[in-house]
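Hello,

Here is the structure I said I would pass on. Please look through it before reading my notes below.

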Amino acid sequence: MSDFYDLIIRNGIVVLPWGEERVDIGVNLGRVARIGVTSAAEAGEVIDATGLHVLPGLIDAHTHLRDPQQADVESIPSGTRGAVLGGLCAVFDMPNGNPSITTPERLQTKKDFAATRSWCDLGLYVGAARPTIDGLAELELSDGVCAVKVFAGSSTGDLLIEDDETLERVMRTGRRRIAYHSEDEYRLRDRKHLFHEGMPYASHAEWRDVEAAFLGTRRLMALARRTGRPAHILHVSTAEELDYLHDYRDIATVEVLLNHLTQWAPDAYDRLGPYAVMNPPIRDRRHVDAAWAAVRDGLVDVVGSDHAPHSRAAKERPWPLCAAGLTGVQTIVPMMLDHVSAGRLSLSRLADLMCAGPARVYGVVGKGRIARGYDADFTLVDMKRRRRIEDSWIVSPCGWTPFAGTEVTGWPIATVIRGQMVMRDDEVLGEPAGRLTKFMG
Ligand SMILES: [Zn+2]
């Protein structure tokens, strides 16, 4: 057995799938080679993790990096730079750019662009669009594709698929788990006349009410059961859906957003105005409490950010003209660590929600846990570090975070991807070397 490694991480408390252990990890050729390296072993590089926890490389499975054509707001280079600064080893990017990623040609163009520009590993969603439904079965099997994304509500142009007949057609193509934006588009349209321009930003949660989300999810679950097609319900935002979904675990997995665990109405709208407007909306405390209960009882598989940057000009318009969507890729790990510090979940559960969970839901190959043979992806965190999140720290060109001014306890100190340290102490290192994440076909 080799006693020489490319990299050894020494003296950290390692969050293994079976619990926390104070153990040293040896890495060769970008993979975990040994857990429990002896003190005599040598390495090309040693990371001293004294005082730090070593988490499996965290993944944000829900981001909108906006490439191409919105580089003034966000791009793959800037968004993945924010990701590694925030302690993430991989992000999955949504397909609703301009153009939307709905064909093999567009997907290839995006892969070619990202090949030399991403700081972390990438998974790519492909979008379900009416004209290209017949191509989805093949498209979802392309390298680097994490899932088909269906906007059953809340989208524009070719990506909106709101009717049961077409949703069922989509479900009957292919076989991998489909990720859904679940709000009932018809109810959103029907209720829009009840509101008018210039009403308070909190109106967002009244227009896009509990029933809009719950009805959307009930419809999707009926179709998923009928077709047998596995579903992943993104950003579940209501107590009603969470209570309902525990009866659908044979067919459904569940994502909850950091924002829906952290912010509530009316407080968020009072403090942040348009910077609290997102879809599905931030709701009252009852739903926040239900989301935490669902984290604790195991219903929630994944926590994501739904990083969706917009310019300040686009945000600072009267409701409902203000753009919906908040930044989050750089702040999700510090904010979740603060929740750990407050005793709301354990580091093990965080690793489950942001590494093992995404790996299980999307079928990631070679990531999801610290174990021999897996990618040597690590998020090193200091659970004692106190720090204030500031707009000036955010590298997204839009330049703002809804968490500005929040003081957190717990901070990502280093990001290691496939054995390479890409971030240490707020500094991004080397060149963009992110690769496409591998998925089971
Ligand atoms: Zn989203």
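Predicted model: local features only at pLDDT ≥ 70, side-chain atom pairs only at ≥ 80, totals over all residues.

Residues are numbered from 1 along each chain as its sequence is written.

Domains

The domain assignment (bounds come from an automatic or database assignment) gives domain 1 as 4-54 + 373-386 + 402-428 and domain 2 as 58-362. Their C-alpha centres lie 29 Å apart. In contact (C-beta atoms, placed from the backbone, within 7 Å) are 21 residues of domain 1 and 27 residues of domain 2. On the side of domain 1 that touches domain 2, β16 (378-388), β17 (407-417) and β18 (420-424) each supply at least two residues. β17 gives the most, with 7 residues. Helices (H or I, at least four residues) and strands (E, at least two) are DSSP runs, numbered from the N terminus.

Helices α4 and α7

The axes of α4 (residues 164-171) and α7 (residues 210-227) come within 10 Å and cross at roughly 45°. Axes are lines fitted to C-alpha atoms, for helices over the stretch in contact, with angles from 0 to 180 degrees between N-to-C directions. α4 and α7 are therefore oblique to each other; angles under 35 degrees count as roughly parallel, over 145 as roughly antiparallel, 65 to 115 as roughly perpendicular and the rest as oblique. Asp-164, Leu-167, Glu-168 and Met-171 of α4 make the contact with Arg-219, Leu-223, Ala-224 and Thr-227 of α7.

Regards

Conventions
Contact = placed C-beta atoms within 7 Å.
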